[in-house]
Amino acid sequence: MAHSSRLVDLVHERIEDFLAERTSILRSISPDLDPLDLFSRRFLSGGKRFRALFCYWGWEAVHGRGFDPFDADDEVDLAPVVSAAAALELFHAAALVHDDIIDKSDTRRGAPSAHRLFETLHAESGWAGEADAFGIDAAILLGDLLLGWSDELLDAGLDALPDRAAARAARTEFMRMRTEVTAGQYLDILEERAWVAQPDDEQRLRAERIIVYKSAKYSIEAPLVIGGAIAGADGAQSAALREFGLPLGIAYQLRDDLLGVYGDPEVTGKPSGDDLREGKRTMLVAIARERLSAGQRRLLDELLGDPDLDADQIRMLQRTIAECGAVDELESMISDHAARAVAALEQAPLSQAARSELGALVRTVTRRSS
């Protein structure tokens with residue numbers, strides 16, 4: 001655990017140093033850009049750093065030497081993977097900013113989402129025009145800025161990597177991840193609108209495809225493989241990281257889907273039942289629609305996606321979904337995917353230390369409450 005804790009500290013320091021450099025550029029342009037600096041720091045100051053951790057342990061799984069978290073020489077060797085891990089955190093922040101706009105979410109981690117922060121800035125400043133429109137426009141630009149910065153930070157780390165083939169492999173995986181998560185996001189918004197035209201027996205398949213490409217790959221599989229690539233992973237090692245990362249990523253998102261419906265807002269930082277108001281066509285919803293009676297299914301379809309659902313309606317939908325057995329089935333799916341991930345580690349050509357830590361992370365990401 002000391003390794004992971006120190007790695008998180010190093011990633012935080014790298015992000016802070018990078019933002020300080022970029023802040024000087026923004027301030028040289030205009031003091032009016034200060035909110036971009038302030039809000040970017042806010043969105044990068046918290047979180048669990050799962051992507052950074054998986055990137056590091058992908059590197060360690062291949063590198064196999066281990067490192068002393070308090071050894072300055074080891075920190076130099078770690079610089080490329082620390083920069084890559086930090087770049088993943090910037091990419092994640094950009095995705096969250098854009099995701100909150102798409103989902104019309106008011107909060108993120110218990111605080112206002114980026115577009116709401118800019119909306120408040122507009123209202124409090126007494127500027128012309130509509131505050132909500134300004135909030136959305138400015139948040140789109142903030143997300144774009146963070147996305148571009150993630151590329152810069154990744155390249156800064158890879159430029160310091162002596163193995164150019166490894167650098168190219170890591171960059172290729174990062175670009176693939178970026179394409180896949182954007183495609184997954186599009187499929188997600190499409191599903192919320194086009195599901196009525198799709199056969200009922202395809203809804204599980206469509207929900208799983210969104211899980212894989214919007215979340216599972218970029219949350220766990222891609223960070224692992226990027227870290228492994230930086231360490232010079234061969235084909236067998238990259239395959240082993242994927243065989244572990246994908247099922248765990250699916251389990252991670254299935255847990256997230258449950259939290260989106262049943263999570264405690266004091267813990268998740270999101271209103272209870274937020275996914276129901278947003279109309280998310282998750283695996284949980286797909287399973288529930290299979291299990292519900294025709295009348296219950298019509299009611300679910302009618303209410304799902306109504307932003308004005310009140311607390312009583314949310315509780316009714318939560319009960320309906322749970323009582324039909326959908327929650328129990330989803331919990332079983334989470335356990336099955338977690339078991340697949342653990343089994344993939346058993347004979348994997350990866351370092352023992354990394355296999356042990358990755359096994360512990362399985363429990364962390366699948367049993368979390370936020």
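For the helix packing described below, axes are lines fitted to C-alpha atoms, taken for helices over the stretch in contact, and the angles run from 0 to 180 degrees between N-to-C directions. The structure discussed here is a predicted model.

**Helix packing**

Two packed helices are described by the angle between their axes and the distance between the axes. With helix 8, helix 3 (residues 50-63) packs at an angle of about 40°, the two axes lying 6 Å apart. Because angles under 35 degrees count as roughly parallel and 65 to 115 as roughly perpendicular, with the remaining range oblique, helix 3 is oblique to helix 8. Helix 3 also packs with helix 16 (residues 352-366), here at about 160° and with the axes 9 Å apart, so that helix 3 is roughly antiparallel to helix 16. Helix 8 has a further partner in helix 7, whose axis comes within 8 Å of the axis of helix 8 and crosses at roughly 165°, which means that helix 7 is roughly antiparallel to helix 8. In the contact of helix 7 with helix 8, the residues divide into 15 nonpolar, 2 polar and 8 charged.

The handedness of each crossing is set out here.

| Helix pair | Handedness of crossing |
|---|---|
| Helix 3 and helix 8 | right-handed |
| Helix 3 and helix 16 | left-handed |
| Helix 7 and helix 8 | left-handed |

**Aromatic pairs**

Across the whole structure, a search finds 9 aromatic pairs. One of them joins Phe39 and Phe118, whose ring centres are 4.7 Å apart and whose planes stand at 80°, so this pair is edge-to-face. Since Phe39 belongs to helix 2 (residues 34-44) and Phe118 to helix 5 (residues 114-125), the pair ties together parts that are 79 residues apart in sequence.

**Cavities**

The structure holds 3 cavities of 30 Å³ or more, and the largest cavity contains about 40 Å³ of space. Its lining is made up of Glu191, Gln203, Ala207, Arg281, Thr282, Val285 and Ala286. Helix 8 (203-230) and helix 12 (283-291) are the elements that give two or more residues to this lining. By class, the lining of the largest cavity has 3 nonpolar, 2 polar and 2 charged residues.

**The second largest pocket**

The second largest pocket holds about 400 Å³ of space. It is lined by 19 residues, of which Asp103, Lys104, Arg277, Glu278 and Pro307 are the closest to its centre. At least two residues of the lining come from each of helix 4 (72-103), helix 7 (164-194) and helix 11 (274-278), and helix 11 supplies the largest share, 3 residues. Divided by class, the lining of the second largest pocket has 5 nonpolar, 4 polar and 10 charged residues.

Methods
Residues are numbered from 1 along each chain as its sequence is written. This is a predicted model: local features need pLDDT of at least 70, side-chain atom pairs count only at pLDDT 80 or more; totals for chains, interfaces and linings use all residues. Side-chain values use heavy atoms; hydrogens and water are left out. On a 1 Å grid over the protein atoms alone, a cavity is a set of points where a 1.4 Å probe fits but cannot get out, and a pocket is an open set with protein on both sides within 12 Å along at least five of seven lines; lining residues have an atom within 4 Å of a point. Grid points are joined across faces, edges and corners, and a volume is the space filled by probe spheres set on the points. Helices (H or I, at least four residues) and strands (E, at least two) are DSSP runs, numbered from the N terminus. Ala, Val, Leu, Ile, Met, Phe, Trp, Tyr, Cys and Pro count as nonpolar, Asp, Glu, Lys and Arg as charged, and the others, Gly among them, as polar. Angles under 35 degrees count as roughly parallel, over 145 as roughly antiparallel, 65 to 115 as roughly perpendicular and the rest as oblique. A crossing is left-handed if the near helix is turned anticlockwise from the far one by less than a right angle, and right-handed if clockwise. Rings of Phe, Tyr and Trp (its six-membered ring) pair if their centres lie within 6.5 Å; planes under 30 degrees apart count as stacked, over 60 as edge-to-face and the rest as tilted.
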